[in-house]
Amino acid sequence: MCCRLGLLAASFIFVGQVFNLSAQVITSPTGQAETSSNSKGDAGAKTGSAAKLDVHGDPLPDGALMRFGTSRFRFGGGGISAAALSPDGKLLVTSQGGDVVTLADPATGKLINNLRLPGGFGVAAMQFTNDSKRLVTMSYGPQIQVVDMPSGKSVAKLTTPQQNVQPAGLSISPDGNFVAVGTNNFGQPKNSVYLFEVSSSKLLHSLEVIQNNQIKAAIAPNGALVATWGYYIPKGGENDPDQGRTVQVFDGKTGKELRKIVIDRNQIMGAAFSPDGKTLAVASGMASFHLFDAESGKEQRGFAGRRGQGQQLHFSPDGKLLVAAAMDGTVQVWETSTNKRVGLSDRPRQRLFSLAFPKEGEVWALGSEGATLSMWNAVTGKSLAPEDGHHFWIRTLAFSSDGKTLLSTSAEGKVCWWDTATGKELRNFILRDDPHNRYGSAYNSGGYALSRDGKYLAAATDYGMGAIRVWDLANGQVLCDFDAPRFYGNAPSFGFSPDGSKLAAVGQRSVLVWDVSTGMELPSLPFKDDPNANQPGGGNGGSIAFTPDGKLLAASRNYYDRTTGTPLGEVYLYNVEKRSLIHKLDRAGQFPGALTFSADGKLLAVPMQDRTVLLLRAGTGKEVGRLNGSQQGGVQALAFSPDGRLVAGSQVDNVYRSAVSVNSMVVGSLQPRNRIVLWELASGQIRQDFVGHEGAVAALAFSPNGKALATGGFDTTIVLWDLKHRASEKFAVVAPEEMDQLWNDLTHKEAKQALKPMQRLLDSPKLALDFLQEHLQPVKAPDIKAEEIEKLIADLDHENFNIRAKANRSLEQLGEVAGPALRKAADVDLGLEVARRIKSLVEKLDKGTLTPEEVRWVRAVEVLESLASPEALAMLESLARGAPQARLTLEAREALGRLRQSK
């Protein structure tokens with residue numbers, strides 16, 4: 001449905017928040033200012049020979065101006081579940097938890113190929129053979145695949161007798177011919193480690209172990225010995241403290257248990273055989289390491305390490321080094337001959353996947369911080385992968401008021417400031433949480449919100465039933481914590497008022513409000529009573545948004561009906577000053593997404609699960625339009641452009657992606673891909689779309705001048721898109737004889753088709769100005785009297801069809817001039833048919849539906865505003881003196897206001 005509402009103030013938006021900003025200057029990624037007819041400079045105003053590479057030398061997607069952060073060592077746009085480096089250091093393999101593993105160059109982090117593992121959904125672990133020729137992968141089920149590398153040819157598929165068990169550990173012998181699989185079988189009558197021979201794909205033995213949880217194994221050379229260990233969880237009141245601190249040693253040929261090795265410490269964490277098979281290293285759960293004679297089980301010596309290490313325990317291939325690593329990323333390295341510590345790397349907390357020995361005396365560690373693969377030399381501590389930018393998905397984006405800086409936050413609690421002229425990171429800040437409240441590698445946050453001026457950052461934490469922590473970014477200090485009970489298990493949704501003085505959050509029964517400076521809780525804004533909304537476990541969060549002037553607040557509440565399980569979505573519109581409810585929108589069967597106000601506060605956008613975006617009049621809550629998105633994915637984030645002409649949204653489409661299967665055939669599967677969509681409000685149609693992120697995009701922000709759009713994704717990168725000139729397109733100078741056709745094309749009902757004539761006019765500014773001067777004249781006030789309008793309304797019920805149709809067209813062309821009379825007539829009983837015609841005319845006025853000519857006016861004025869030359873300003877001033885209620889007059893006035901504000 002076509003719709004249009006003028007937006008007077010500039011804005012930026014992050015996940016449902018809207019804030020005012022003034023104009024900005026953005027230069028090219030090379031650091032050279034882009035030329036523009038606007039003397040102040042505009043992001044995306046002129047790309048010319050725009051760079052095709054980002055600051056790291058990697059290709060930019062079509063239509064992109066710049067990339068903040070790096071796409072290297074980011075695989076799949078989501079979390080990494082397993083990773084391994086070939087022993088020769090030439091191939092890096094990662095999995096994102098599905099049935100496809102990614103092959104990359106470890107020197108650059110660039111993608112080489114995708115390899116699909118049939119029947120192997122959810123790769124949990126992977127390991128190379130010592131000769132780097134084979135990769136063994138373990139998936140949930142479990143399924144074990146032995147694959148020739150890098151061809152992808154299947155060597156063996158190993159199947160356990162017990163299906164549908166969770167795998168816990170994978171170990172292969174140095175020669176690659178024996179594989180042991182541990183399981184997580186708590187509650188099962190028997191617990192086993194399965195030993196396979198790869199050459200025959202045969203299960204040799206099911207080794208019965210005494211533990212019942214997280215069972216793992218290590219194999220000696222040629223499969224001669226197998227050591228097993230794991231956790232023991234007491235059942236039925238029994239308690240045997242030796243179960244968890246015992247290593248069982250089995251004969252690999254017969255499967256018989258040879259001995260038990262019990263350490264006088266707490267819990268076995270890991271074990272490993274030396275390359276010659278003569279020594280067995282064992283790590284305790286405390287801080288001690290023990291070396292045993294593998295044949296006799298006699299302890300040779302013990303020494304101290306760091307607490308919690310040993311979950312990864314390996315000898316180097318030459319046996320000269322022993323390496324122990326903890327799941328938090330800490331790695332220690334010792335010389336086996338002297339027990340001398342020769343390496344200690346204490347990295348930021350992360351999950352560590354594997355260790356590799358590509359060169360003598362070197363130990364490389366592979367870990368993950370969210371969507372990023374980290375790789376470092378564990379002896380020297382030196383990073384082998386880029387560390388700048390974000391390592392988790394982007395949560396929020398905000399431009400500075402001058403546009404020279406872009407602020408971003410991500411899920412690990414990292415805040416980055418970027419130089420928009422160069423694409424380089426200026427500085428960063430890490431949110432520090434209380435140590436006992438920090439789990440895993442990320443700052444334990446359920447969401448973020450930035451104040452309009454970028455001074456305050458609010459983050460949902462996990463203290464008790466939930467809290468919102470407010471940070472002062474100027475000095476890096478915690479300002480206060482607000483109690484915000486979770487909304488049925490989900491972190492609360494929250495946002496700052498435009499002046500940063502208040503913070504509002506969606507609660508269970510109301511919108512909670514606090515004074516940021518004093519910490520005082522202010523009167524809440526209640527939801528309407530609904531017994532179904534107060535059922536434990538029934539909620540799904542919500543959203544908060546203020547209008548830029550802070551007078552109105554929108555909040556959504558999502559929950560499930562306790563009897564039917566039907567999703568129930570509600571949107572509330574409040575007058576903040578009067579604490580009164582303006583409107584409540586109910587949407588059964590759907591959860592509204594992140595709410596977003598236009599810059600003038602007149603329009604509220606509500607993304608819905610049916611892939612549409614509702615446009616509501618903020619003052620009344622009445623629907624005035626609807627934007628239709630992709631046929632595949634719903635809208636995840638929204639942003640209004642500062643001039644009010646565009647709405648940007650991120651959607652996930654399912655696309656067919658190819659991969660090489662294990663039988664070397666090219667296969668494929670539907671996988672999510674993000675698409676950035678820009679709707680033109682004048683026509684209600686999609687004007688531009690961009691593809692360039694792996695995975696979802698949850699953060700959008702227009703540059704203050706509206707000529708560029710920043711998008712932050714799950715792939716940890718931020719892309720700056722050109723909204724005026726596609727970076728891949730170059731337009732020839734418009735010939736005079738083409739002008740009439742371009743003028744006609746400006747009425748095209750498809751916004752994508754109308755964008756090209758606008759771009760071509762901008763590329764021929766002098767010719768365009770002369771031509772627009774001829775075709776755009778101030779609209780004269782209609783010379784019509786009130787009784788003539790009443791006559792037209794009466795003619796809507798004329799017996800002659802042609803007269804009825806002519807009256808309808810005339811009233812439609814009069815627009816708001818006839819509005820008062822039409823609204824008055826709507827309250828009078830004039831008959832069913834005429835009432836229908838009047839209702840249709842009034843709805844068009846209320847919804848801002850534009851005629852094709854009015855759509856052309858909007859696009860032509862946009863061209864003049866983009867040119868921003870003295871001649872263009874003079875034309876806008878002339879057009880602004882036209883009939884007050886004419887669309888062309890209103891558009892010219894709004895454009896002038898923005899241009900004057902930017903000076």
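Helices α3 and α9 run roughly parallel to each other, a label for angles under 35 degrees, with over 145 counting as roughly antiparallel, 65 to 115 as roughly perpendicular and the rest as oblique. The two helices, α3 at residues 765-775 and α9 at residues 870-879, pack at an angle of about 10°, and their axes are 10 Å apart. Axes here are lines fitted to C-alpha atoms, for helices over the stretch in contact, and angles run from 0 to 180 degrees between N-to-C directions.

A word on ground rules. This is a predicted model, where local features need pLDDT of at least 70 and side-chain atom pairs count only at pLDDT 80 or more, while totals for chains, interfaces and linings use all residues. Residues are numbered from 1 along each chain as its sequence is written, and side-chain values use heavy atoms, with hydrogens and water left out.

**The chain overall**

The protein chain has 10 helices and 57 strands. Helices (H or I, at least four residues) and strands (E, at least two) are DSSP runs, numbered from the N terminus. Of the 903 residues in the protein chain, 57% are buried; buried means under 20% relative accessible area, exposed over 50%, and partly exposed in between (1.4 Å probe, protein chains only). Take the contacts between residues at least 6 apart in sequence: 50% of them join residues at least 24 apart. Contact means heavy atoms within 4.5 Å.

**Helix packing**

Back to the opening pair. On the α3 side, Leu769, Leu772 and Gln773 meet Glu871, Ala872 and Met875 of α9. That contact has 4 nonpolar, 1 polar and 1 charged residues, with Ala, Val, Leu, Ile, Met, Phe, Trp, Tyr, Cys and Pro counted as nonpolar, Asp, Glu, Lys and Arg as charged, and the others, Gly among them, as polar.

Leu864 also belongs in this picture. This leucine sits in helix α8 and is buried, with a relative accessible area of 0%. Leaving aside residues up to four places away in sequence, Leu864 touches Leu769, Leu772, Leu776, Ala872, Met875, Leu876 and Leu879. The C-alpha atoms of Leu864 and Leu876 are separated by 7.4 Å, with the two residues 12 apart along the chain.

α8 (residues 852-867) has another packing partner in α2 (residues 751-763): their axes come within 10 Å and cross at roughly 35°. This time the crossing is right-handed. Ala751, Ala754, Met758, Leu761 and Leu762 in α2 meet Arg859, Glu862, Val863, Ser866 and Leu867 in α8. By class, those contact residues divide into 7 nonpolar, 1 polar and 2 charged.

**Salt bridges**

The structure holds 28 salt bridges, each a side-chain nitrogen of Lys or Arg within 4 Å of a carboxyl oxygen of Asp or Glu. Here are three of them.

| Pair | N to O distance |
|---|---|
| Asp58 and Arg72 | 2.8 Å |
| Arg645 and Asp643 | 3.0 Å |
| Glu865 and Arg898 | 2.9 Å |

Asp58 lies in the loop between β2 (17-19) and β3 (64-68), and Arg72 in the loop between β3 and β4 (82-85), so their bridge ties together parts that are 14 residues apart in sequence. Both Asp58 and Arg72 are buried.

In the second pair, Arg645 is buried at a relative accessible area of 2%, and Asp643 is buried too at 11%.

Glu865 and Arg898 are both buried.

Elsewhere, Arg557, Glu570, Lys584 and Asp586 are linked in a network of salt bridges.

A few loop residues deserve a look. The peptide bond from Met149 to Pro150 is cis, with omega near 0°, and Pro150 sits in the loop between β10 (143-148) and β11 (154-159).

Phe73 is not a glycine, yet has a positive phi of about 60°. Phe73 is found in the loop between β3 and β4 and is buried, at 1% relative accessibility.

Arg579 is not a glycine either, and has a positive phi of about 55°. The loop holding Arg579 runs between β45 (567-575) and β46 (580-588), and Arg579 is partly exposed, with a relative accessible area of 43%.

Conventions. A crossing is left-handed if the near helix is turned anticlockwise from the far one by less than a right angle, and right-handed if clockwise.
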